[in-house]
Amino acid sequence: TAPGDNKRATPSKVDYDQVRKSISALLDDNNYDDGSYGPLFVRLGWHASGTYSHLDSTGGSNGGCMRFEPESGWGANKGLHLARERLESVYRAHPGLTYADLYTLAAVVAIEEMGGPTIKWRPGRDDHKDGKKSPADGRLPDAAQGAQHIRDIFYRMGFNDQEIVALVGAHSLGRCHTDRSGYEGPWTNAPTTFSNEFFRLLLEEKWQLRRWKGPKQYEDVKTKALMMLPADMALIEDPEFRKYVVQYAKDGDKFATDFAAAFGKLLELGVEFKTTDGSRHGKNESFWKRI
Ligand code: CCH
């Protein structure tokens, strides 16, 4: 049966510390990928949020629409049903919790548990009953493209060059799967540990085109075990992006701080949070001021 609205209790009754614990308990699985669902949960939160456009205020994590068509069927979201299925028990165990909050909190918990920074997160996203408000496909980045495309996609969400580079640093985590994106392999040697290794590898390794039947991707000359997407390579080819790659490769703490800020912002794009008097909190106002 299709997942529906969670109207069993009001969000304020949900114990989010318990929700966090339930999510943490689902991260490790020796039979899955590199032993953790963490990277997949991060991709889930990112793809749930990255549909936002500040031009018309559509898209974003509110609504939890990725569980419905059309979003569930988008090529860019291939494989994410595994994350949603894994999280279903958490949704069931916590009456009042919305899928929209769950998908974003799962990403936050995963990053924190994989050694990343604390990310500011608050509940308040509603679930829609269907996918009617989903934007048209095409709002998530295409890995085959370069700097101009990346800017088009992320400027549309309201990010600047520094935030873009910080966000893509999430590719220190996880890997590509031939049956999902068509690409193959991990970016780093420790794909379940949050770090600035992605940036260090980009600068320090020599990268060559991989000769294979799959889509155009790069491999490190030394071991051929690591990969970069064309869109990743754009971060060192473009001089403005490259400035931040150099900075983050040198300073892991700065990366962690900037990543936390940009990722926290990503998860809130287009979400209107209710204030205690029931009125809607302004979209563009930062919640730091409110709490
Ligand atoms: Fe990404 N990403 N991403 N990515 N991504 C993929 C996997 C992950 C792009 C393409 C891909 C971000 C930005 C970009 C993660 C986090 C983030 C894959 C492989 C492709 C392709 C999917 C597969 O085959 O499983 C492109 C292009 C961009 C921007 O230009 C941002 C931003 C984030 C988060 C902040 C994570 C984590 C993964 C690993 C998922 C896994 O299953 O291991």
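The model is predicted: local features need pLDDT of at least 70, side-chain atom pairs count only at pLDDT 80 or more, and totals for chains, interfaces and linings use all residues. Residues are numbered from 1 along each chain as its sequence is written, and side-chain values use heavy atoms, with hydrogens and water left out. The protein is divided into domain 1 (11-139 + 263-278) and domain 2 (147-261). These bounds come from an automatic or database domain assignment.

**Where the domains meet**

- The centres of domain 1 and domain 2, taken over C-alpha atoms, are 22 Å apart.
- Contact means heavy atoms within 4.5 Å. By that rule, 32 residues of domain 1 touch 23 residues of domain 2.
- Buried area is the accessible area (1.4 Å probe) that two parts lose on being put together, summed over both. Between domain 1 and domain 2 it is about 2200 Å², and carbon and sulfur atoms give 60% of that.
- In domain 1, D34, M114 and K265 lose the most area to domain 2. Together they make up 25% of what that side buries.

- A salt bridge is a side-chain nitrogen of Lys or Arg within 4 Å of a carboxyl oxygen of Asp or Glu. Two salt bridges are counted between domain 1 and domain 2.
- R175 forms a salt bridge with D34. Their closest N and O atoms are 2.9 Å apart.
- Helices (H or I, at least four residues) and strands (E, at least two) are DSSP runs, numbered from the N terminus. Helix 2 (38-49) and helix 10 (252-266) are the elements that give two or more residues to the side of domain 1 that touches domain 2.
- Helix 2 gives the largest share of that side, five residues.

**The iron site**

- Donors are N, O and S atoms within 2.8 Å of the metal (3.2 Å for Na, K and Ca); water is not among the atoms, so sites may look incomplete.
- H171 (NE2) is the only protein donor of the iron atom of the ligand, at 2.1 Å.
- H171 lies in the loop between helix 6 (161-168) and strand 1 (175-176).

- Two strands pair if DSSP finds at least two bridges between them. An open sheet of three strands has the order 3-4-5, with antiparallel pairing.
- Strand 3 (207-209) and strand 5 (227-228) stand at the edges with a single partner strand each, so one side of each has no neighbour in the sheet.
- Two bridges join strand 4 (residues 218-220) to strand 5. Y218 has M228 in strand 5 as its bridge partner.
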